[in-house]
Amino acid sequence: MKIALIGYGKMGHAIEALATERGHKVVCTIDNNTEMADREAVMRQADVAIEFTTPATVVANIRHCFAVGVPVVSGTTGWNADYAAVAYECRCCGGRLFTASNFSIGMNIMFSLNERLADIMAARDGYTVSLSETHHIHKLDAPSGTALVLQSAIRQRIPEQEAPIESIREGEVPGIHTVRYDSEVDTITLTHEAHSRKGLALGALLAAEYLVKAEPGVYTMKDLLSV
């Protein structure tokens with residue numbers, strides 16, 4: 001599989017290293033608008049683009065992939081307001097788009113556990129639910145997209161709960177997400193802690209491998225994991 005990497009920071013480097021281990025080839029790396037224009041011809045040769053950039057640039061990056069006919073996997077968060085429009089454009093142009101708030105397989109298992117726990121707790125009185133997320137100081141959006149997914153699932157099932165999120169930015173923490181139910185008699189916690197970016201890189205590559213074989217459309221981790 002030939003990959004164009006859009007965004008060549010720590011996440012991009014992690015994906016590149018793991019892609020090589022899995023027998024794939026990174027044909028170009030793009031880290032700004034100038035490089036996007038200069039490397040368009042090479043980018044068109046890619047089987048898929050993997051995009052991890054910023055909320056300010058992600059929409060333009062995805063649209064560029066649509067324009068050059070390259071399927072795109074995006075792990076950038078913080079652009080929920082534009083998602084519906086971009087998904088509509090993807091379907092209209094016959095493109096392929098795979099998005100996720102978090103590509104970690106373990107985190108996506110936690111999403112399912114969070115939904116199940118919220119279903120159970122919806123019938124229980126006396127508990128107050130809250131969330132916390134901790135990330136490295138370079139992360140631009142807060143709360144994290146992952147925490148917002150967890151919060152949304154809880155609010156859908158327990159509408160009377162506000163489920164506030166505490167966001168912490170410190171050091172080089174890859175990511176810690178906790179859902180906490182407190183009562184007078186006990187506390188129930190559900191936590192996922194990433195040890196490195198490798199889990200995210202692996203999930204992004206699995207998504208890319210899935211997308212290159214998929215029909216035109218918009219996909220998420222639920223499609224990949226069939227959950």
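Mentor: Strand E1 (residues 2-6) and strand E3 (residues 48-51) run parallel and are joined by four bridges; helices (H or I, at least four residues) and strands (E, at least two) are DSSP runs, numbered from the N terminus, and two strands pair if DSSP finds at least two bridges between them. Within this pair, leucine 5 stands opposite isoleucine 50 in E3. Before going further, note that this is a predicted model, in which local features need pLDDT of at least 70 and side-chain atom pairs count only at pLDDT 80 or more, while totals for chains, interfaces and linings use all residues. Residues are numbered from 1 along each chain as its sequence is written, and side-chain values use heavy atoms, with hydrogens and water left out.

The two strands belong to an open sheet of six strands with parallel pairing, in the order E2-E1-E3-E4-E5-E10. At its edges stand E2 and strand E10 (217-219), each with a single partner strand, so one side of each is left without a neighbour in the sheet. On average, and with direction ignored, neighbouring strands of this sheet are turned by 20° against each other; axes are lines fitted to C-alpha atoms, for helices over the stretch in contact, and angles run from 0 to 180 degrees between N-to-C directions. Helix H5 (residues 80-93) packs on the sheet, where it touches strand E5 (96-99) and E10, and its direction makes about 135° with that of E10; contact means heavy atoms within 4.5 Å.

From the strands we can turn to the aromatic side chains. A search of the whole structure finds five aromatic pairs, where rings of Phe, Tyr and Trp (its six-membered ring) pair if their centres lie within 6.5 Å, and planes under 30 degrees apart count as stacked, over 60 as edge-to-face and the rest as tilted. One of these pairs is formed by phenylalanine 98 and phenylalanine 103, which are stacked at 5.9 Å centre to centre with 25° between the planes. Phenylalanine 98 has 0% relative accessibility and counts as buried, and phenylalanine 103 is buried as well, with a relative accessible area of 2%; buried means under 20% relative accessible area, exposed over 50%, and partly exposed in between (1.4 Å probe, protein chains only). Tyrosine 210 and tyrosine 219 form an edge-to-face pair, 5.6 Å centre to centre and with 75° between the planes. Here tyrosine 210 is partly exposed at 28% relative accessible area, whereas tyrosine 219 is buried at 13%.

Eleven salt bridges are found in a search of the whole structure, a salt bridge being a side-chain nitrogen of Lys or Arg within 4 Å of a carboxyl oxygen of Asp or Glu. In one of them the side chains of arginine 22 and glutamate 209 meet at 3.0 Å, N to O. Arginine 22 lies in the loop between helix H1 (10-21) and strand E2 (25-30), and glutamate 209 in helix H8 (residues 198-211), so the pair ties together parts that are 187 residues apart in sequence. Arginine 22 itself is partly exposed, at 37% relative accessibility.

Aspartate 119 and arginine 157 also meet in a salt bridge, at 3.1 Å, N to O. This pair links distant parts of the chain, 38 residues apart, with aspartate 119 in helix H6 (residues 105-121) and arginine 157 in helix H7 (residues 145-157). Aspartate 119 is partly exposed at 40% relative accessibility, and arginine 157 is partly exposed at 25%.

Strand E6 (residues 128-135) and strand E8 (residues 176-182) run antiparallel and are joined by seven bridges, and serine 130 stands opposite arginine 180 in E8. The side chain of arginine 180 meets that of aspartate 182 in a salt bridge of 2.7 Å, N to O; arginine 180 is partly exposed at 37% relative accessible area, and aspartate 182 is partly exposed at 25%.
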